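Student: Can we go through this one together? I'd like to begin with the sheet.

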Amino acid sequence: MTVLVIVLLVLAAWVIFTFNGLVRLRNQVANAFRQIDVQLKRRHDLIPNLVESVKGEMKFEKETLERVVQARAAAVSAGQTGNTGEILAKEGMLTQALGRLFALSENYPNLKANETVKSLMEEVTHTENQIGFSRQFYNDVVTKFNTAQQVFPTNMFAGVMGFTPSQLWELPQDSAERETPKVDLSV
Amino acid sequence: MNIYEQQTANRRMTALIMAVFVLFFLLIGLGFDYFYLNYDPFRQPEVQLSSDGYYEVKPPSLPHRVPFGTIIALLIGAGLAANSYFNGPGMVLRSTMSRLAVPDDDKERQFINVVAEMAAAAGLPPPKAYVVPDPDLNAFATGTSPQNAVIAVTEGTLQAMTREELQGVVGHEMSHIRNYDTRLMTICAALMGAIALLSDFAGRSMRFGGRGSSRGSSDRRGGGLLMIVLFAVWIVLVILAPLISRLLAMAISRRREYLADAGSAELTRNPQALISALEKIRAAVMPTRAINNGVAHMCITDPRGSLIEEKMGLTADLLATHPPMEKRILALKIMAYQTEHPQPQAA
């Protein structure tokens, strides 16, 4: 009888311990996601200003600029639906379009001389980096959270206690960022 | 070794070195008790004939039972460590004349942004960004926890580095903060000071010698020679303690630099940036005037501008606060190579 009580107590302690650990990780995941979300909003706010200020100088890159504007609109509406998969896909496309715009802007030395454009560029670069690094951190936390759920014996209880694996922030399937950069070592 | 193995190895090393520090305190304290205050827990109880005609155990006097020296040594060590824990970071900032970075300036705005980015990568609150008015290239981090941490770079660094290189440098300092190196190095400096103080005190007490001349010697006449040898060894240890602890602190600092370099590569996922930043720092050999010796072990490179970091071998291994630049750059290049060419999984 005593043995049974002790075993039950130990089991209960273990369940409480595991549950609390998982809750802590779930909150970390939610917080890490919110950090990205803040930066995404910031990026949406910055882009119209940027496009407006480089439009005059980059008039031959109309297509690129339009793609950025469209990608932003799609990302904003995806953000309103709240569907995570949709957000990931649309924001990935926006990142890509912005990357192209930045690469092209290298060809316009006048842009670099312009104070407003320069500080806007710095702000957008900063936001882009923030998104990248927050994403990196988010994925680390999600991996930890998912691993904690999937290891034995927690995997038998995690589902029952209402925990589901979180989604990693990955690049969309057709993203250009996925392509392996070619390295030429034949110097 | 990959990043994670390196971190584990570094942690183990640090624990070992800290243990040696505590051992030093105990050694100085216990030796002092033993030789001067006649502390001896194993001594045979003295018996004497009492007035009633029985043999009674004489109660040992207080210094025989309580290791006062050890307790005082440990208290002084803990006290100094606590003082530096609460006041150290502020003192460092004042002594380097650092000022908060202002967002109006382009370069400093960029620096503030980069600090925020690295904090996001590490998942920590952004530390305060400070600027040291000095044209040389250097950077340091201080603070006792990630919540009140500070990252400072010189004006020269802001001017000379590209955004990516600055990211590498700030990533290096950020991982010092993330690994709690900043706290460790602050306490380490205090312990070094405490050991120097105690060793000086114990060494000077020699002329008031207790054991050997007075009562203590009567009950251990047989071990006279052994006592002298023990005493000599202890005195030599006491005199060398500050030197040894200094070497130890430098060893800690060197290990931590490698770890922070690895951490920077992990945060930025771009070892190449830190490599070119270190190359630039290496090329600027002028001493950083604003940063004095006391802060040397917190910086990304030795501010004294001595060429000891260019040397390899025993001298550099013992006396430098930082590992040779060449070794650091080589370690990073290996990391960069490994990220570009992931090894196929062993079957």
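Student: What is the strand order in the open sheet of chain B?
Tutor: This is a predicted model. In it, 4 strands of chain B make an open sheet, ordered E3-E4-E6-E5, with mixed pairing. E3, residues 99-100, and E5 are the edge strands, each pairing on one side only.

Student: How do E3(B) and E4(B) pair, and over how many bridges?
Tutor: They are antiparallel, with 2 bridges between E3(B) and E4(B), the latter spanning residues 128-132. Leu100(B) sits opposite Tyr130(B) of E4(B).

Student: Are the residues on the two faces of E5(B) buried or exposed?
Tutor: Buried on both sides. Ala139(B) and Ala141(B) lie on one face of E5(B), residues 139-142, while Phe140(B) and Thr142(B) lie on the other, and both faces are covered.

Student: Which strands does helix H4 of chain B lie across?
Tutor: H4(B), residues 106-122, lies across E4 and E6 of chain B and runs at about 140° to E4(B).

Student: Switching to packing. Which residues touch the most other members of the largest nonpolar core?
Tutor: That core has 88 residues, and the ones touching the most other members are Ile28(B), Met118(B), Ile151(B) and Ala152(B). Helix H8 of chain B, residues 224-268, gives the most to this core, with 11 residues.

Student: What does Ala152(B) contact, leaving aside neighbours within four places in sequence?
Tutor: Its contacts are Thr96(B), Ser98(B), Tyr130(B), Val131(B), Val132(B), Ala139(B) and Phe140(B). Of these, Tyr130(B) is the residue of E4(B) that stands opposite Leu100(B), and Ala139(B) is the one opposite Val153(B).

Student: Which residues are in the other core?
Tutor: The other core lies apart from the 88-residue one. It has 14 residues, including Ile47(A), Val68(A), Ala75(A) and Ala97(A).

Student: Back out to chain B as a whole. How many helices and strands?
Tutor: Chain B has 11 helices and 6 strands. Its length is 347 residues, of which 41% count as buried. Taking contacts between residues at least 6 apart in sequence, 71% join residues at least 24 apart.

Student: What are the confidence scores for the model?
Tutor: ipTM is 0.76 and pTM is 0.76. Chain B averages a pLDDT of 78, with 78% of its residues scoring at least 70. Residues 212-221 of chain B fall below 50, and that stretch has 7 contacts in the model beyond near neighbours in sequence. Where pLDDT is low, the predicted coordinates should not be read in detail.

Student: What about phi at Tyr180(B)?
Tutor: Near 60°, a positive value in a residue that is not glycine. Tyr180(B) is in the loop between H6 (163-178) and H7 (181-204) of chain B. Arg269(B) also has a positive phi, of about 50°, and belongs to the loop between H8 and H9 of chain B.

Student: Why does Arg269(B) count as partly exposed?
Tutor: Because Arg269(B) has 13 C-beta neighbours inside 10 Å, and partly exposed means between the exposed limit of 12 or fewer and the buried limit of 20 or more. Tyr180(B) is partly exposed too, with 15 such neighbours.

Student: And Gln272(B), where is that?
Tutor: In helix H9 of chain B, residues 271-283. Gln272(B) counts as partly exposed because it has 18 C-beta neighbours inside 10 Å. Its C-alpha atom is 9.2 Å from that of Met335(B), a residue 63 positions away along the chain.

Methods:
Residues numbered from 1 in each chain as written. Chains lettered and ligands numbered in written order. Predicted model: local features only at pLDDT ≥ 70, side-chain atom pairs only at ≥ 80, totals over all residues. pLDDT = per-residue confidence, 0-100. Contact = placed C-beta atoms within 7 Å. Pairing = 2+ DSSP bridges. Core = buried A, V, L, I, M, F, W, Y, C linked by C-beta atoms within 7 Å. Axes fitted to C-alpha atoms, helices over the stretch in contact; angles between N-to-C directions.
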